[in-house]
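Here is a short report on a protein model.

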Amino acid sequence: MITVPSSPRALLTLLAVALLAGCATTGTRPDAKATAKPAAATYAKVDWKALPAVSDTDLLAGFSAWRSSCTRLKNDAVWAGPCATAATVSDQDPVAIRQFLQRDLEVYALRAGGHQADGLITGYYEPIYPGSLTRTASATVPVYGTPDDLVVVQLDSLYPELKGKRLRGRLDGKVLKPYDDAGTIASKGSKAPVLAWLTDPMDLQLLQIQGSGRVRLADGTQVRLAYAEQNGHPYRAIGRWLVDQGELKKEDVTMDAIRAWAKAHPTRVPELLRSNPSYVFFVRNADSPEGPRGSLNVPLTAGYSVAVDRSVVPLGSLLWLSTTRPDGSPVVRPVAAQDTGGAIAGEVRADLYWGSGDAAGKLAGDMKQKGNLWMLWPKGTPLPN
């Protein structure tokens with residue numbers, strides 16, 4: 001509980017203290033928590049020959065995905081120049097793309113603590129769930145828009161080191177209180193518009209974890225939902241709760257396994273969902289064939305957009321990824337850092353966007369792979385700090 005001072009400066013100072021104490025979240029994917037830059041972040045400069053080879057097909061697709069970021073980076077101090085040059089390069093000419101990359105960018109291998117090269121590569125996707133625009137006998141789970149009483153405070157106008165970080169709560173007179181947690185919202189509702197109704201509470205939980213999705217209506221049309229806001233509570237993985245309860249082994253946690261457990265234990269589903277106090281609010285967007293928009297506010301490209309820890313890899317960066325699919329087949333390609341996520345923290349860490357629908361969801365849900373990352377950074381530009 002925070003008592004609100006009358007002085008705006010004092011208010012911001014107090015909010016900053018609360019923020020640094022761990023009360024804040026940030027970002028446009030769900031549960032993207034404000035975290036300090038890891039002290040062990042390492043950028044090891046390497047020669048271009050150190051990069052694993054990629055096919056021309058993957059090179060073209062990865063370059064095109066990254067160049068789409070330039071709509072947001074044309075005035076960026078780091079990327080404005082490379083973006084201007086990239087606009088003159090044909091995205092159908094692998095020779096020209098390689099020449100551009102090697103002329104304008106240099107390669108840094110990302111290393112974790114102890115100069116560890118291996119990291120974790122996971123996946124995410126845009127789910128499609130059955131539902132309705134009105135409550136029905138089967139569609140009883142509300143998807144909320146942003147509540148009228150949610151207060152969101154951004155502090156970077158006075159504290160640049162807190163750029164992008166936010167404090168969320170509710171005013172009760174002159175007292176700023178934490179907003180309701182997920183369990184309270186589920187049981188008591190929210191002062192928020194209902195954008196759609198789903199048929200399964202697990203669908204809502206997974207929609208919030210993914211950060212965007214579509215609702216398939218009875219007539220076959222679809223409504224697209226995107227992340228709008230969050231209640232300010234920390235994200236706690238429901239898979240971790242199942243492990244802690246002795247219901248699943250850590251190595252067996254996948255979305256399919258969580259779904260199967262929920263189906264077998266319907267009376268315990270509310271308890272499972274209460275274990276994650278974070279709650280995501282959505283906005284309704286027009287349907288389109290483009291991917292959902294990530295934290296950079298550009299459409300994600302299936303297989304070539306990743307969510308990263310922005311304290312290590314700035315949004316808009318071009319990365320080189322080497323990992324495998326769950327079946328062991330290689331995934332080696334350039335990818336665009338266009339999104340963030342609360343569980344995506346660390347130097348050698350990425351969440352690969354796989355697209356929309358069940359097939360993408362199966363692939364994303366099973367992705368817990370070892371992988372390596374290289375950052376391609378503009379020549380002569382200081383590294384992130």
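The report below starts with the model and its conventions.

## Model and conventions

This is a predicted model: local features need pLDDT of at least 70, side-chain atom pairs count only at pLDDT 80 or more, and totals for chains, interfaces and linings use all residues. Residues are numbered from 1 along each chain as its sequence is written, and side-chain values use heavy atoms, with hydrogens and water left out.

## Overall make-up

The protein has 11 helices and 19 strands. These are DSSP runs numbered from the N terminus (helices: H or I, at least four residues; strands: E, at least two).

Of its 385 residues, 53% count as buried (under 20% relative accessible area, 1.4 Å probe, protein chains only). Take contacts (heavy atoms within 4.5 Å) between residues at least 6 apart in sequence: 78% join residues at least 24 apart.

## Nonpolar cores

A nonpolar core is a set of buried Ala, Val, Leu, Ile, Met, Phe, Trp, Tyr and Cys residues joined through side-chain atoms within 4.5 Å. The largest has 78 residues. W66, L101 and L319 have the most contacts inside it.

Beyond its neighbours within four places in sequence, L101 touches W48, L59, L318, W320 and L376. Another core lies apart, with 13 residues, including I238, V253, L272 and L273.

## Helix pair α7 and α9

The axes (lines fitted to C-alpha atoms over the stretch in contact; angles run from 0 to 180 degrees between N-to-C directions) of α7 (residues 201-210) and α9 (residues 255-264) come within 11 Å and cross at roughly 155°. That makes α7 roughly antiparallel to α9 (over 145 degrees).

M202, D203, L206 and Q210 of α7 meet M255, I258, R259 and A262 of α9.

Key. Parallel < 35°, antiparallel > 145°, perpendicular 65-115°, else oblique. Buried < 20%, exposed > 50% of the residue type's maximum accessible area, 1.4 Å probe, protein only.
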